[in-house]
Amino acid sequence: MFEGAMKFRLKYVVEDTDRHGNVRLYYRRNGRKTRLRGPAGSPEFLLDYRAAAAEPKPLTNKPEQTGRVVPRSIRWLCVQYFKSAMFQELDPRTQKVRRAILERFCQNKGDDDKPFALLLHRHIRVRRDEMADRPEAANSMVKALRQLYRFALRYDHHDDNPADKVEYLKGNADGFHSWSLAEIEKFEDTHAIGTPARLALALALYTGQRRADLVVFGKQHVRDGWLIFTQHKGRNRSPVRLEIPIIQELQTIIDQTPTGDLTFLVTAFNRPFTSNGFGNRFRKWCDEAGLSNCSVHGLRKAAAARLAELGCTEQEIMSITGHWTSKEVTRYTRAASQKTRAESALRRMSAEQTPDKSVPLLDGVVSSGTKAQSK
């Protein structure tokens, strides 16, 4: 209200007093504030007011209330999932990764306020194809959505799982690079016995465990020459307890390397590694050895492959790696198993032949590729 020849009131005009006691005038509407020159009612004030009132209201598909979750939307379903026992039972690292994937899915193209019941498999397939240059990330997104809608089915929020109908993209079938014997020798030539790098290599190669387990191994896990522990992965839902003998090569390296009080592997500050910190440190050790293609997880594959080359069965290998099923072990050891079977087959062929009756492998095949008939 302004004094003068007449009294009038302008909408959306507010007064704010700063810390010095000065009164400032603003035009406030739709959450935005525009400074107005004073004093109130002056020509400058009216000019600024008309300009602020003439500005169009910003177009947006978002609710005006910040932080509001639209009921039955995709984001609403994610919020319910994050609070459920299905999600809380997951490993903290898995929770973090899955939450980030679903958050990115919601933020992409403003899909978070759309009804989750309207999401169809063709929509997910389009989003998957947009990530075709990153097949592992695309498959992780599909997997996260499968789990989200599996929750919706279990808690009667929905009657379909559209993500189950979306196929995974073909990525790198072999996964992480498996170390060769030459690469292991190159790492050993760079990092001598007594260094943390060499101890890390030995622990990974002679136990076949993941980095999350390697960083917690310590003297408390050793009993009568055996390494006894529960694997970190799945420890809350389906714990896997393993007992692995410490072979002499590993014991020798442990004895000749300074270790921590609770863990064999420690940082430069004599503190235990975190899983991610150890992965970064091992990356540097590999780079120092000129092994840019190698990683600590590749040693787990190399250990499984070596056991396969020695003739170990899948069940025996699983007793070391801790896998529940042979699917992953088969993928780890495919090349090694083929090599072992080929060598065994040709050795048997060689043993059955006598020097005076040996038959070349290609005898009995004519140039046309068909077998020659014996007379």
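**Before I start.** Buried means under 20% relative accessible area, exposed means over 50%, and partly exposed is in between. I also remind myself that I am reading a predicted model.

**Entry 1: Asp48 and Arg37.** I looked up Asp48 to begin with. Its relative accessibility is 17%, so I put Asp48 down as buried. Which residue does the side chain of Asp48 meet in a salt bridge? I found Arg37, with 2.8 Å from N to O. Next I checked where the two partners sit. Arg37 is in the loop between strand E3 (32-36) and helix H1 (43-54), while Asp48 belongs to helix H1, so this pair ties together parts that are 11 residues apart in sequence.

**Entry 2: Arg198 and Glu188.** My next pair was Arg198 and Glu188, whose side chains form a salt bridge at 3.9 Å, N to O. Buried or exposed, I asked about Arg198? With a relative accessible area of 12%, Arg198 is buried. Glu188, at 25% relative accessibility, counts as partly exposed.

**Entry 3: Glu309 and Arg306.** Then I turned to helix H12 (residues 296-309), where both Glu309 and Arg306 lie. They are three residues apart, which is about one turn of the helix. Their closest N and O atoms are 3.4 Å apart, and the two form a salt bridge. I wrote down 34% relative accessibility for Glu309, which makes it partly exposed. Arg306 is at 47%, so I listed Arg306 as partly exposed too.

**Entry 4: His221.** Last, I went to a histidine. Where is the place of His221? I found His221 in the loop between helix H9 (211-214) and strand E4 (222-223). His221 has 16% relative accessibility, so it goes into my notebook as buried. I then listed what His221 touches, leaving out residues up to four places away in sequence. My list reads Val216, Trp226, Leu227, Ile228 and Phe229.

Technical notes. Residues are numbered from 1 along each chain as its sequence is written. This is a predicted model: local features need pLDDT of at least 70, side-chain atom pairs count only at pLDDT 80 or more; totals for chains, interfaces and linings use all residues. Side-chain values use heavy atoms; hydrogens and water are left out. Helices (H or I, at least four residues) and strands (E, at least two) are DSSP runs, numbered from the N terminus. Buried means under 20% relative accessible area, exposed over 50%, partly exposed in between (1.4 Å probe, protein chains only). Contact means heavy atoms within 4.5 Å. A salt bridge is a side-chain nitrogen of Lys or Arg within 4 Å of a carboxyl oxygen of Asp or Glu.
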